[in-house]
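Subject: Structure for you to look at

Hello,

Here is the structure I promised to pass on. Please open it and keep it beside this email as you read.

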Amino acid sequence: MIKHNSSYKDLAICGGTPAFSEKLHVNKPNLGDSDFFIDQTKTILQSYQFTNNGPFVQQLEEQLASYLNVKQCILTNNGTMGLAILVQALNLKGEVIVPSFNFISTAHTLMMQGIKPVFCDIDQANWNIDPHHCESLINDQTSAIIGTHLWGRSCNIDQLEEIADRHNLKLIFDAAHAFGCSHKGERIGGFGLAEVFSFHATKVFHTFEGGAITTNNSTLAERLRVIQNFGFIDYDEVALIGTNAKMPEISAAMGIANLLSIHTFYERNKNVYKKYQQHLANIAGVSLLSYDDKELNNYHYIVLQVDETVTHLTRDELIDVLHKENILARRYFYPGNHKMEPYRSIPKKVEHKLPITDLIASRVLLLPGGSGVTEAQVTKVCSILELAVKNAVQIAKTMNKAVSLKVD
Ligand SMILES: *Cc1c(COP(=O)(O)O)cnc(C)c1O
């Protein structure tokens, strides 16, 4: 077990006892007032209205539209279906430009509708879709651009809007990470033609499973509501191809309960983040992703960049060290969508080079963050990292790896 004066030999990877007896996940679900949630559940059970745009869904849609400062909020059964019905409602075709450094659901959703995802590199500054590279990928098949506000840090929205306007393309955003975050002081939710949120249990605001599409375009919102309910426009009249993307009442009730505590979640997240910031400052070669203090942030993700030329342990070796201690640190989006099947094997006219994606995907490591983590746990996680990096050579030896130290 790791204590103040521990030696690297106490690390679990060297045979010591794991620092945590239970697994510490990257984002343990948040839970607001559970008594309030249970009360609401009773109301749902007594009403026998369990789904189909019930009163809880309607209430949460109103609350979220007002909170996110957008005209329309359409709740869905998850974020992926939200994106799927949006792609259909906007009649996207041909090719759509997406960042490769992203959750795989966007690319899959496009493929399932016969659209080709074209992978774009990320901007070195904010790791979001790079507008310059994006513009170079546009051709006569391109119908849209999808940006992702990765870890809640907003895309270069103004540049993307300008490019989309100039080429007559549709612009939408994956805002799965960006609940409660802002761009130039304005809450994410109203940018582009529409934005899609995920309310999966591991997100800062959740409804067990769920999602939402937010838009200021009422015609689009109406069309989305029809598509999400099998294409019904009346009691038994169908007008277009639709699916089932409805949120059940029980999920909306969870959302209503969690929204009451959202500011507590942000505050606890920020405290956890600050604690990491303080401890990680001592570890050379490991840098914590920064959030712009002038913007609203949810501080839900603890993202590290590992420079192995300084740490002398690779990102993957550090993950091994942490996993042995029951700290389930994760790589994210590794090795990038463009290097995952089936995308890797799809024949291409020109092979696109995505150097920043390749670099960042090889360096990023996520640590347990969010309001489920205690400050004592943060301290422990950081002391393990510090001990590992300070004794990198011995640890690498233990891991049967020869480390070639660069001496200059
Ligand atoms: C979680 C997530 C999704 C998928 O949302 P689901 O609600 O799980 O379908 C999409 N994009 C990003 C960036 C995500 O983090």
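This is a predicted model: local features need pLDDT of at least 70, side-chain atom pairs count only at pLDDT 80 or more; totals for chains, interfaces and linings use all residues.

**The ligand**

Start with the ligand. Which residues come nearest to it? There are 13 residues around the ligand, and G79, T80, D174, S198 and K203 come nearest. At G79, a backbone N or O atom lies 2.8 Å from an oxygen atom of the ligand. At H177, the side chain takes part: one of its N or O atoms is 2.9 Å from a ligand oxygen. The side chain of K203 also has an N or O atom by a ligand oxygen, at 3.1 Å.

**Helix pairs**

Now the helices. Two packed helices are described by the angle between their axes and the distance between the axes. Each pair below gets both values.

Take helix 3 (residues 79-89) and helix 4 (residues 105-112) to begin with. Their axes come within 10 Å and cross at roughly 40°. That makes helix 3 oblique to helix 4. The crossing is right-handed. Helix 3 brings T80, L83, A84 and V87 to the contact, and helix 4 brings S105, T106, T109 and L110. By class, that contact has 4 nonpolar residues, 4 polar ones and no charged ones. Note T80 here: it meets helix 4 as part of helix 3, and it is also one of the residues that come nearest to the ligand.

Next, look at helix 2 (55-67) and helix 8 (residues 249-260). They pack at about 40°, and their axes are 8 Å apart. Helix 2 and helix 8 are therefore oblique to each other. Their crossing is left-handed. On the helix 2 side you will find P55, F56, V57, Q59, L60, Q63 and L64. They meet E249, A252, A253, G255, I256 and L259 in helix 8. The contact divides into 9 nonpolar, 3 polar and 1 charged residues.

The last pair is helix 9 (residues 262-280) and helix 13 (residues 375-390). Here the angle is about 30°, with the axes 10 Å apart. Why do we call helix 9 and helix 13 roughly parallel? Angles under 35 degrees count as roughly parallel, so the pair at about 30° gets that label. Helix 9 passes helix 13 in a right-handed crossing. N271, V272, K275, Y276, H279 and L280 sit on the helix 9 side of the contact. E375, V378, T379, V381, C382 and L385 sit on the helix 13 side. Together they give 7 nonpolar, 3 polar and 2 charged residues.

Most residues other than glycine have a negative phi, and most peptide bonds are trans. Here are some exceptions.

- N53 is not a glycine, yet its phi is positive, at about 55°. Look for N53 in the loop between helix 1 (34-47) and helix 2.
- Y334 and P335 are joined by a cis peptide bond, with omega about -5°. P335 is in the loop between helix 11 (315-324) and helix 12 (355-363).
- E341 to P342 is also a cis peptide bond, and omega is near 5°. Where does P342 lie? P342 is in the loop between helix 11 and helix 12.

Best wishes

Note on methods: Residues are numbered from 1 along each chain as its sequence is written. Side-chain values use heavy atoms; hydrogens and water are left out. Axes are lines fitted to C-alpha atoms, for helices over the stretch in contact, and angles run from 0 to 180 degrees between N-to-C directions. Helices (H or I, at least four residues) and strands (E, at least two) are DSSP runs, numbered from the N terminus. Angles under 35 degrees count as roughly parallel, over 145 as roughly antiparallel, 65 to 115 as roughly perpendicular and the rest as oblique. A crossing is left-handed if the near helix is turned anticlockwise from the far one by less than a right angle, and right-handed if clockwise. Contact means heavy atoms within 4.5 Å. Ala, Val, Leu, Ile, Met, Phe, Trp, Tyr, Cys and Pro count as nonpolar, Asp, Glu, Lys and Arg as charged, and the others, Gly among them, as polar. A residue is near a molecule or strand if one of its heavy atoms lies within 4 Å of it. A polar contact is a pair of N or O atoms within 3.5 Å; within protein, one must be able to donate a hydrogen and the other to accept it, and residues adjacent in sequence count only if both atoms are side-chain atoms.
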